[in-house]
Amino acid sequence: PVYIRWWKGSRASNSWACISLKIFPGPRTIIKKAHPRLYFLRLRRVSLSKKTLSNFYRYTIESMLAGCIVAWFGNLSTLERKRLQKVVNTARSIIGSDLPTIE
């Protein structure tokens, strides 16, 4: 938590407030979280339609990528961008249909 001091008017009060900040995980953490979900996608490939697999990808993997990319995508190295794109390409090959890129 981050503690800040509350200001009332021109004088500082003695009260403190606690604010919890959401720390977005880095690209390595995101890639580690994506691999088990890709494994689940591979398991379901046989019994589910492409539309269902695509929806699973969008709700589990793409939402995780999109939520965190906003925070740190501009600071990624080329290697990290390629690794994230590899996750998308792997899902694309499992599902067998086009998926949006991470950019």
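Angles under 35 degrees count as roughly parallel, over 145 as roughly antiparallel, 65 to 115 as roughly perpendicular, and the rest as oblique. The views show a predicted model, where local features need pLDDT of at least 70, side-chain atom pairs count only at pLDDT 80 or more, and totals for chains, interfaces and linings use all residues. Residues are numbered from 1 along each chain as its sequence is written, and side-chain values use heavy atoms, with hydrogens and water left out.

**View 1. Helix α1 packs with helix α3.** Helix α1 covers residues 27-44 and helix α3 residues 78-95. Helices are DSSP runs (H or I, at least four residues), numbered from the N terminus. The angle is about 10 degrees, and the axes are 11 Å apart. The two helices are therefore roughly parallel. In the contact (heavy atoms within 4.5 Å), α1 supplies P27, I30, I31, A34, L38, L41 and R42. From α3 come E80, R83, L84, V87, T90, A91, I94 and I95.

**View 2. Helix α3 has buried residues.** Buried means under 20% relative accessible area, exposed over 50%, and partly exposed in between (1.4 Å probe, protein chains only). L84, Q85, V87, V88, A91, I94 and I95 of α3 are buried. Their cover includes α1 and α2 (50-72). Just after α3, G96 takes a positive phi of about 85 degrees.

**View 3. S54 sits in helix α2.** Why does S54 count as buried? Its relative accessibility is 8%. S54 touches I95 and L99, leaving aside residues up to four places away in sequence. I95 is also one of the α3 residues in contact with α1.

Methods:
Axes are lines fitted to C-alpha atoms, for helices over the stretch in contact, and angles run from 0 to 180 degrees between N-to-C directions.
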